[in-house]
Amino acid sequence: MSMSAPSWQSILQQIIKTPPERQRLATALGVTTMTLNRWANENSQPQRPHLIRLVQVVPPLHRNELMAALEENYPDLRSWLKDDSADQISTEFFAQVLSVRTTTIDSLRFWHITDLVLRQALEQLDPNKLGMSITLAQCMPPSEDGKIRTLRERAGKGTLPWTSDLEHLALFLGMESLAGFVIESGRPASVEDLSKDRLLPAYQTDHEVSAGAHPIWFGGRIAGCLLASSTQKSYFTQQRMLLLEAFSNLISLAFDPTDCYPLSMISLKLVPKPEIQRPILSTFRQRTFRKSFEAAQRQERISNVEAEQLVWKELEEILLHTPDEPGA
């Protein structure tokens with residue numbers, strides 16, 4: 001005879017077993033520890049706002065188990081969580097980004113604006129910490145034939161199961177990706193379930209179930225793409241895609257006009273899968289050091305930024321000539 005799954009109350013009992021964690025949760029929920037105990041002992045039921053907040057603040061280790069158990073009593077829980085997001089960007093945040101744009105020196109502007117916008121986008125698109133990554137993929141400079149062949153992920157933020165900073169996971173993207181499709185078409189797109197057959201090009205990375213992407217336009221030219229991935233199916237509703245568009249418009253302020261290209265220059269190629277790319281990309285620092293060292297030996301002056309740009313083009317060329325399958 002199989003054992004029945006634990007109730008959400010019994011899971012909560014385990015979570016609040018230690019006084020410090022019980023007090024932390026009570027404070028985060030805005031209730032007393034006595035109320036928490038009453039929920040755990042089935043003496044009272046939390047209201048919808050408290051249920052939503054409970055899922056947000058429990059330790060990530062217990063979140064999936066607690067959500068599955070809660071759904072036995074509250075079948076609409078996931079839809080409550082999905083609907084619990086702000087659909088507008090505040091005027092205060094717009095003002096903050098504009099202030100950074102006008103007061104930050106050129107060399108720091110990209111990083112300051114992208115960090116600010118990605119954090120806010122993640123907060124509004126995944127307020128209940130269900131699991132999301134949001135990444136900025138920028139057009140690589142054109143090749144000798146004047147065409148943009150790939151995109152490079154330059155910055156990213158995430159909530160569990162992704163890490164908070166995704167820069168170390170950055171990859172090149174091409175025509176095989178959702179971001180690539182969005183860049184080439186110049187219009188937004190989303191995929192409800194990446195595990196199923198679909199009409200749009202896209203590959204599924206770890207933890208990713210659904211995805212949405214929006215091109216980043218600046219002065220009628222394209223700079224890149226804002227790409228969001230969720231652990232939930234069908235997460236990118238029309239409301240969330242409109243929000244992604246707003247954040248794409250804001251993040252365009254991070255770019256120089258020289259980083260933006262007419263759509264006619266976009267001609268993306270295929271790039272290898274992530275597992276093929278990563279060993280190659282791991283040589284970036286070594287290659288950059290060697291590039292600077294060789295320039296110094298020739299008594300040429302080259303900045304670290306210039307050396308990095310040369311290496312990224314070098315790596316792009318290598319990837320475009322690397323088979324997508326080992327041994328191919």
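## About the model

This is a predicted model, in which local features need pLDDT of at least 70 and side-chain atom pairs count only at pLDDT 80 or more, while totals for chains, interfaces and linings use all residues. Residues are numbered from 1 along each chain as its sequence is written, and side-chain values use heavy atoms, with hydrogens and water left out.

## Helices H7 and H8

Helix H7 spans residues 91-103 and helix H8 spans residues 106-125; their axes lie 9 Å apart, and the packing angle is about 170 degrees. Helices here are DSSP runs (H or I, at least four residues) and strands are runs of E (at least two), numbered from the N terminus. Axes are lines fitted to C-alpha atoms, for helices over the stretch in contact, and angles run from 0 to 180 degrees between N-to-C directions.

The crossing of H7 over H8 is right-handed, a label given when the near helix is turned clockwise from the far one by less than a right angle (left-handed if anticlockwise). On the H7 side, Phe 93, Gln 96, Val 97, Val 100 and Arg 101 meet Arg 109, His 112, Ile 113, Leu 116, Val 117 and Gln 120 of H8. Contact means heavy atoms within 4.5 Å. The contact of H7 with H8 has six nonpolar, three polar and two charged residues (Ala, Val, Leu, Ile, Met, Phe, Trp, Tyr, Cys and Pro are nonpolar; Asp, Glu, Lys and Arg are charged; the others, Gly among them, are polar).

## Helices H1 and H3

Now to another pair. Helix H1 (residues 8-15) and helix H3 (residues 33-40) have axes that come within 8 Å and cross at roughly 140 degrees, which makes H1 oblique to H3. Trp 8, Gln 9, Leu 12 and Gln 13 from H1 meet Leu 36, Trp 39 and Ala 40 from H3. By class, the contact of H1 with H3 holds five nonpolar, two polar and no charged residues.

## Backbone features to check

Most residues other than glycine have a negative phi, and most peptide bonds are trans. Leu 160 and Pro 161 are joined by a cis peptide bond with omega of about 15 degrees; Pro 161 sits in the loop between strand S2 (151-158) and strand S3 (172-173).

Glu 42, not a glycine, has a positive phi of about 65 degrees and lies in the loop between H3 and helix H4 (48-57). Ser 234 also has a positive phi, near 50 degrees, and belongs to the loop between S6 and H10. Its relative accessible area is 35%, so Ser 234 is partly exposed (buried means under 20%, exposed over 50%, partly exposed in between, with a 1.4 Å probe and protein chains only).

Gln 232 is in the loop between strand S6 (221-230) and helix H10 (238-251), and is buried at 9% relative accessible area. Its side chain makes a polar contact with the side chain of Thr 231 at 3.0 Å. Such a contact is a pair of N or O atoms within 3.5 Å; within protein, one must be able to donate a hydrogen and the other to accept it, and residues adjacent in sequence count only if both atoms are side-chain atoms.

Ser 292 belongs to helix H12 (residues 284-297) and is partly exposed at 24% relative accessibility. Beyond its neighbours within four places in sequence, Ser 292 is in contact with Ile 302 and Ala 307.

How values were computed:
Angles under 35 degrees count as roughly parallel, over 145 as roughly antiparallel, 65 to 115 as roughly perpendicular and the rest as oblique.
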